[in-house]
Amino acid sequence: MTAQTQARIVLGIDIGGTGIKGAPVNLQTGELVAERHRIDTPQPATPEAVGQVVKQIVEHFNWQGPIGCTFPAIVHNGVTLSAANVDKSWVNAPAQQILADATGLPLIVLNDADAAGLAEVVFGAAKGRSGKTIVITLGTGIGSALIVDGQLITNTEFGHLIFPKDTIAEKYCSAKVKEDLDLKWKDYNPRLNAYLEHIQLLFSPDLVIIGGGISKKADKFIPEMQNLRFELVAATLKNEAGIVGAALEAAKHFKV
Ligand code: BGC
């Protein structure tokens, strides 16, 4: 293979509350170069148990190089500082060190929504966009990524805004809330609309991208949103955003 045809590939792993998924990612195209491998998140999802699953994913691909790994919590300098929807033993855990030790490979950890944001900037709906972009992921919780002129501002946690009152946004309008309360779209959409209006009031974004599993049904909610001054679109990268964004971050960090 010549230098020109050699693909730059990094392993991306997306750690979630129910599943841990990974695949090698082609950094030029954003495509997965092998079918993604998924293992149920162990319960309880302690750092040690999750480390073993991450190791199994690495072994599945016989992977030897750098790894990017998402985590659904605040991740600051490799330390997980919150645990809203995961085992509480992750609070203040040296996640990056634990997972690097488990795999024996160079590994970087970042917030899952930040990873989705990076993937959208490089390959998706935020590509080439200037101004303020906010990615909101609607899943078990609500994750967020703030991107200013293509630059990610990490750990924004807009799902934890106090909203509408006496609660936080992710307990009001996450995809899990829709499911748990069995809300029809006509009952759920006003909640999401009110939350997006609140985001608008606070941040005046130019573009908001909705990610998470729910974005596959974008036609059910995007056309229903009102009183928004910004452009609202569904994420381009659906299930794979975390894996791709994690690989991008690792490539940047380890200079792949
Ligand atoms: C966490 C965030 C995470 C989001 C989506 C929230 O509960 O605090 O860090 O990005 O869930 O997983």
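Which residue in strand 2 is the bridge partner of Gly12? In strand 2, that partner is Ala23, as the first of the following views of this predicted model shows. Residues are numbered from 1 along each chain as its sequence is written, local features need pLDDT of at least 70, side-chain atom pairs count only at pLDDT 80 or more, and totals for chains, interfaces and linings use all residues. Side-chain values use heavy atoms, with hydrogens and water left out.

**View 1. The sheet with strand order 3-2-1-4-7.** This open sheet of five strands has mixed pairing, where two strands pair if DSSP finds at least two bridges between them; strands (E, at least two residues) and helices (H or I, at least four residues) are DSSP runs numbered from the N terminus. Strand 3 (37-40) and strand 7 (107-111) are the edge strands, each pairing on one side only, and the twist averages 20° from one strand to the next. Strand 1 (residues 9-15) and strand 2 (residues 19-26) run antiparallel and are joined by seven bridges. Helix 3 (residues 112-123) lies across strand 1, strand 4 (67-71) and strand 7, at about 95° to strand 7; such angles run from 0 to 180 degrees between N-to-C directions, with axes fitted as lines to C-alpha atoms, for helices over the stretch in contact.

**View 2. Ile13 and the largest nonpolar core.** Of the 44 residues in this core, Ile13 and Ile15 touch the most other members; a nonpolar core is a set of buried Ala, Val, Leu, Ile, Met, Phe, Trp, Tyr and Cys residues joined through side-chain atoms within 4.5 Å, and buried means under 20% relative accessible area (1.4 Å probe, protein chains only). Helix 8 (241-253) is among the elements that each supply at least two residues, and helix 8 gives the most, with seven residues. Leaving aside neighbours within four places in sequence, Ile13 is in contact (heavy atoms within 4.5 Å) with residues including Ile20, Val54, Ile57, Ile67 and Ala246.

**View 3. The sheet with strand order 10-9-8-11-12.** This second view of an open sheet of five strands also shows mixed pairing. Strand 10 (151-153) and strand 12 stand at the edges with a single partner strand each, so one side of each is left without a neighbour in the sheet. Neighbouring strands are turned by 25° against each other on average, direction ignored. Helix 6 (residues 185-203) lies across strand 8, strand 9, strand 11 and strand 12, running at about 150° to strand 8, while helix 3 runs at about 45° to strand 9 (142-148).

View 4. Strand 8 (residues 132-138) runs parallel to strand 11 and is joined to it by five bridges, Ile134 standing opposite Val208. Strand 12 (residues 231-234) pairs with strand 11 in the parallel sense over four bridges, and here Ile210 stands opposite Ala234.

**View 5. Residues around the ligand.** An oxygen atom of the ligand is 2.9 Å from a side-chain N or O atom of Asn111, and a ligand oxygen atom is 2.5 Å from a side-chain N or O atom of Asp112. For Glu157, a polar side-chain atom lies 2.6 Å from an oxygen atom of the ligand.

Conventions. Buried < 20%, exposed > 50% of the residue type's maximum accessible area, 1.4 Å probe, protein only. Near = heavy atom within 4 Å. Polar contact = N/O pair within 3.5 Å; in protein donor to acceptor, adjacent residues only side chain to side chain.
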